[in-house]
Structures are given as structure tokens and as C-alpha cells.
Amino acid sequence: MLSLEKVNSWYGEAQVLRNVDLNVKEGEIVALFGRNGVGKTTTLRSIMGLTPPLGKGKIVFKDENILGLPPYKIANKGIGFVPEDRRIFPYLTVKRNLDTGKKSTHKSNSKTKWDYQKVFQLFPKLEILQDSLGKNLSGGEQQMLTIARTLMGNPELLLLDEPSEGLAPLIARDVINLVLELKKEYGLSILIIEQFSPRVLEYADRCYVMDMGKIVFCGCSEDLRKDVKLQKELLGV
Ligand SMILES: Nc1ncnc2c1ncn2[C@@H]1O[C@H](COP(=O)(O)OP(=O)(O)OP(=O)(O)O)[C@@H](O)[C@H]1O
Ligand SMILES: [Mg+2]
């Protein structure tokens with residue numbers, strides 16, 4: 001579904017990503033781990049064209065090289081990005097926030113066509129809160145709204161940047177269950193950045209570990225679980 005080949009990205013003079021190779025197959029949950037500042041968010045931003053990679057690399061989404069396209073075109077191809085800072089509109093209601101995620105031009109192949117009804121089925125709390133302003137939602141509710149809003153664009157691939165960050169453990173568990181449901185019930189492919197934890201290993205099909213802008217591990221969750229040395233050196237476990 002998605003494949004990065006030798007992707008190199010910079011902020012000004014500073015090179016952040018170095019020859020990043022990464023792929024997500026259809027229906028997979030792939031986790032990207034690494035310490036703070038190693039380039040995880042930049043990887044997602046590079047896929048979306050927000051930090052466009054330079055050089056000879058490729059980013060192929062459904063057999064098409066999308067590297068070099070502007071972000072709105074990439075989003076319209078069927079990639080949904082849920083950024084770390086959520087970006088809820090504080091003075092719009094939940095329903096109007098959901099509207100901002102709709103895409104008129106995207107001819108999506110996604111198995112589900114999302115609308116209020118489907119979203120409220122998946123997030124009953126948002127139905128209750130549909131007329132509340134974004135700013136009055138709790139952190140967990142805002143996170144659900146950010147994901148729901150992205151679903152309104154009917155993505156086939158979802159990029160999630162630390163969706164559990166800053167949430168109480170019980171709410172974080174809800175987020176994990178949601179991610180699993182999106183894969184199992186709705187057939188979404190998912191690339192997720194999270195802090196390393198055994199729980200994330202449980203639900204990820206495969207994992208990558210990044211260090212200083214390079215991919216230093218790629219394999220199944222079981223292999224990473226066994227690699228205590230790597231966990232200690234690169235993930236601070
Ligand atoms: N807009 C920017 N301008 C310049 N440098 C940046 C910018 N954003 C990030 N960087 C730098 O690029 C490097 C990678 O940042 P990135 O946000 O991708 O890391 P990360 O792995 O997501 O970290 P974290 O776990 O803290 O979210 C860091 O050294 C960071 O300081
Ligand atoms: Mg980050």
C-alpha cells in the first residue's frame with residue numbers, strides 16, 4: 001500500500017531523515033518507535049508532503065509515486081494524517097469539526113464511506129457531544145474527534161502520531177482498541193507512532209525503530225520483544 005525508498009528530508013540545512021526505507025502492506029498495523037527527536041514525526045510529515053523529501057527517494061502509495069505532490073493532493077489520494085497536536089477547532093461544534101474532514105474530490109476505495117451516522121456508531125460519546133464546542137472537550141474526547149474527523153475523508157491509510165500521548169491509561173487503552181477496530185472491522189492500513197510499550201507490540205503486526213533519522217530495526221513485534229539490547233539502547237526501556 002505504502003512504500004518509502006531512500007527518503008531524505010531536511011529542515012533548512014539540517015538533514016533529519018537519512019535513506020529511510022519503510023513499508024505498510026494492506027490491512028497492516030505498523031508501529032514506528034524511537035527516542036525523542038529521531039525523526040518519527042518528520043517521517044509522517046514527509047509522507048504527507050508537509051516536509052517534502054529531497055533527492056532521489058520515492059514514496060509510493062498504491063503504485064504511484066506521490067513524492068513531490070502537494071499535501072492536499074496526497075490527502076485526496078486516500079491518506080489520512082492525525083497530527084500529534086490534534087488541531088481541533090475550539091470554536092466549532094463537534095459536528096462542524098467533523099465537516100472539516102470531508103473531502104469532495106477523493107474517489108476513495110476505502111471499504112467504508114464515513115458519515116455522521118457511522119462515526120457516531122464508532123464514537124458514541126461524540127454523538128452525545130455533537131453540539132458542544134471543541135474547546136469544551138476533554139483531551140481523550142478531542143483525540144477521538146481528531147481521528148473521527150480524519151475518517152470523514154474516507155482514508156485507506158491512516159497515519160497516527162502518538163495518539164495516546166498525554167491521555168490517562170484507561171483512555172489510552174480506548175485509543176488502542178479503536179486502532180484495532182479500524183483495522184479489523186474497517187480494513188484500514190495504519191502507520192502509528194507510539195512510545196515503545198509491550199501493549200503496542202501486542203497489536204502491531206510489524207515494527208520499525210528509528211535512530212538519528214535512520215531505520216535501525218525492521219521486523220515483527222515478536223522479534224523486537226525478544227531484542228532486549230535494542231530496547232535498552234534505542235528505546236530507553
Ligand atoms: N520545524 C522544524 N524546524 C527545524 N527543525 C525541526 C523542525 N521540526 C523538527 N525539527 C528537528 O528535527 C528532528 C526530528 O524531529 P521529529 O519531530 O521528527 O522527531 P520525533 O522523533 O517525532 O520526536 P518526538 O518523539 O519528540 O516527537 C529533531 O532534531 C527536531 O529538533
Ligand atoms: Mg514526534
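Student: In what order do the four strands of the open sheet stand?

Tutor: Bear in mind that this is a predicted model. The order is E2-E1-E4-E5, and the pairing is antiparallel. Strands E2 (14–24) and E5 (64–65) are the edges, each pairing on one side only.

Student: How many bridges join E1 to E2?

Tutor: Strand E1 (residues 2–11) and E2 run antiparallel and are joined by seven bridges.

Student: Now strand E7. Which way do its side chains point?

Tutor: In a regular strand, side chains alternate between the two faces of the sheet. Leu 157, Leu 159 and Asp 161 point one way from E7, while Leu 158 and Leu 160 point the other way.

Student: Is E7 (residues 157–161) enclosed or open, and why?

Tutor: Five of its five residues are buried, so E7 is largely enclosed by the rest of the structure. A residue counts as buried when 20 or more other C-beta atoms lie within 10 Å of its own.

Student: Which strands pair with E7?

Tutor: Strand E6 (residues 79–82) pairs with E7 in the parallel sense over four bridges, and Phe 81 stands opposite Leu 159. Strand E8 (residues 189–193) also runs parallel to E7, with five bridges between them. Leu 159 stands opposite Leu 191 in E8. From E7 the chain crosses through helix H7 (residues 169–184) to E8, a right-handed β-α-β crossover.

Terms used:
Residues numbered from 1 in each chain as written. Chains lettered and ligands numbered in written order. Predicted model: local features only at pLDDT ≥ 70, side-chain atom pairs only at ≥ 80, totals over all residues. Buried ≥ 20, exposed ≤ 12 C-beta atoms within 10 Å, placed from the backbone. Helix = DSSP H or I, 4+ residues; strand = E, 2+ residues; numbered from the N terminus. Pairing = 2+ DSSP bridges. Right-handed = clockwise from strand over helix to strand, strands pointing away.
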